[in-house]
Amino acid sequence: IKSSSLVMIETTSTSLKNDTIEASATPKNPQHPMEKNEINNNNDAAKPSTWTVKQTPQDSSFVPTLGVFLFLGWNGILVFLILYTSLVATKTQRSVIIGLSTLSLVLPRGFPGKLGFKAGNWFMFQSAKYFGLKTVLEDENAIGEIKDKAAIFACEPHDIIPYYAFAFNPILKRLPGHHGERNSVLVTSALFMLPFIRHVYTWVRANRVDKTTFLGNLKKGESFCFVPGGVQEVMFMEEADDNEVILYLQKRKGFVKLALETGSPIVPVYCFGVAGSYGHWIPKGDFFNKLGRAIGFLPLIFWGRFGIPYGIPKPCQLTVVFGAPIDVPLEGENVSKESVDKYHCQYLTEMEALFDRHKGDVGCGHMKLKIM
């Protein structure tokens with residue numbers, strides 16, 4: 001799958017490459033226009049001149065919309081199939097739907113192999129267009145210098161669906177070094193128990209967000225992203241006012257402990273634009289909170305583009321910003337509570353600072369971040 005309109009814009013030169021606009025304050029050698037941006041790293045993350053910016057021009061026409069539908073539209077498809085099978089389907093139709101769903105649950109997640117992963121790559125390219133994906137790396141050099149270990153990209157917010165995690169897919173080449181070549185997204189295990197969805201998420205290189213997978217990736221040196229706020233963060237969305245974003249992170253310390261066990265750096269990541277891409281109704285109460293934690297997702301009603309229930313998101317422009325890595329020591333099995341608290345506090349501080357540095361650039365200067 002090839003793109004045809006990728007433009008690289010720099011302070012002194014312009015060249016064609018894939019489907020993304022790359023911007024850097026440091027010009028490259030004009031004899032080598034296809035080389036990677038060389039960023040002047042002066043450890044001052046607050047200076048835009050040190051940031052690496054890549055953006056895909058937004059296009060929400062039919063083809064990108066189709067790609068996003070095949071990626072994110074399966075929630076609505078499953079709801080429709082359940083209702084149709086229960087209320088309308090003939091005996092033969094019911095047998096076909098149940099049979100195909102059962103077959104999907106029996107087949108390997110990666111079925112049909114290379115063809116499925118090619119389809120997943122196409123979904124990712126179309127998603128980047130649909131959402132006009134923009135990524136900002138405040139310190140690309142520091143991330144690229146993490147060569148012999150994995151990095152934990154701890155992303156926020158969760159929102160209804162943290163679909164912006166597709167920005168980490170290796171096919172989009174938004175991260176330097178091995179982090180951009182071998183990267184996965186860890187999501188709730190419940191998704192891999194649903195017919196059809198389990199295959200799609202495997203094709204786009206997602207995996208279960210359980211301790212075994214988490215620790216296994218760190219020990220293998222394979223970077224990944226996940227959303228520490230989790231399903232509980234969704235419960236707080238109704239409590240936020242129009243000028244506030246609530247993150248549920250105060251008690252989320254488990255990933256910091258695992259980072260210390262393996263000496264893996266933590267990279268704070270925030271996505272602007274995901275809020276508002278879905279309308280929603282969220283049930284309240286301890287019962288639904290406990291149910292959501294038990295099954296891995298919160299039972300709620302949401303609607304997206306064209307007001308379609310459980311449909312695809314509205315084509316909001318997404319800006320994913322990456323802070324500088326937080327280096328943590330290797331403490332092995334003797335991780336102290338003091339260390340966990342220290343680096344967890346640093347992560348929260350960096351996340352809030354990251355939000356404040358970029359909110360004005362995306363028209364959210366009036367917004368405040370509240371960490372609970």
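Predicted model: local features only at pLDDT ≥ 70, side-chain atom pairs only at ≥ 80, totals over all residues.

Let's start with the helices. The table puts the two pairs side by side.

| Helix pair | Angle | Axis separation |
|---|---|---|
| α1 (residues 62-72) and α4 (residues 114-130) | about 120° | 8 Å |
| α10 (residues 254-262) and α12 (residues 337-358) | about 115° | 9 Å |

The crossing of α1 and α4 is left-handed. On the α1 side, the residues taking part are V63, P64, T65, L66, G67, V68, L70 and F71, and they meet W122, F123, M124, Q126, S127, K129 and Y130 of α4. Sorted by class, that contact is made of 10 nonpolar, 4 polar and 1 charged residues.

The second pair, α10 and α12, is roughly perpendicular, and its crossing is right-handed. Here F255, V256, K257 and L260 from α10 touch S339, V340, Y343, H344 and Y347 from α12. The class count for this contact is 6 nonpolar, 2 polar and 1 charged residues.

Next, a bit of background: most peptide bonds are trans, and most residues other than glycine have a negative phi. Against that, have a look at the bond joining F111 and P112, which is cis with omega at about 5°. P112 sits in the loop that links α3 (91-106) and α4. Another cis bond runs from E156 to P157, with omega near -5°. You'll find P157 in the loop between β6 (152-156) and α6 (177-181).

D159 is in the loop between β6 and α6 too. Its phi is positive, near 55°, though it isn't a glycine. Is D159 buried or exposed? It counts as buried, because its relative accessibility is 10% and the cut-off for buried is under 20%.

R205 also has a positive phi, about 65°, without being a glycine. R205 is partly exposed, at 29% relative accessible area.

**A lysine on a strand**

Last stop: K368, which belongs to strand β15 (residues 368-371). With 59% relative accessibility, K368 counts as exposed. Which residues does K368 touch, leaving aside those up to four places away in sequence? They are N243, E244, V245 and F355. K368 and D242 are 126 residues apart along the chain, yet their C-alpha atoms are 9.7 Å from each other.

Conventions: Residues numbered from 1 in each chain as written. Heavy atoms only, no water. Axes fitted to C-alpha atoms, helices over the stretch in contact; angles between N-to-C directions. Helix = DSSP H or I, 4+ residues; strand = E, 2+ residues; numbered from the N terminus. Left-handed = near helix turned anticlockwise from the far one by under 90°. Contact = heavy atoms within 4.5 Å. Nonpolar A, V, L, I, M, F, W, Y, C, P; charged D, E, K, R; others polar. Buried < 20%, exposed > 50% of the residue type's maximum accessible area, 1.4 Å probe, protein only. Parallel < 35°, antiparallel > 145°, perpendicular 65-115°, else oblique.
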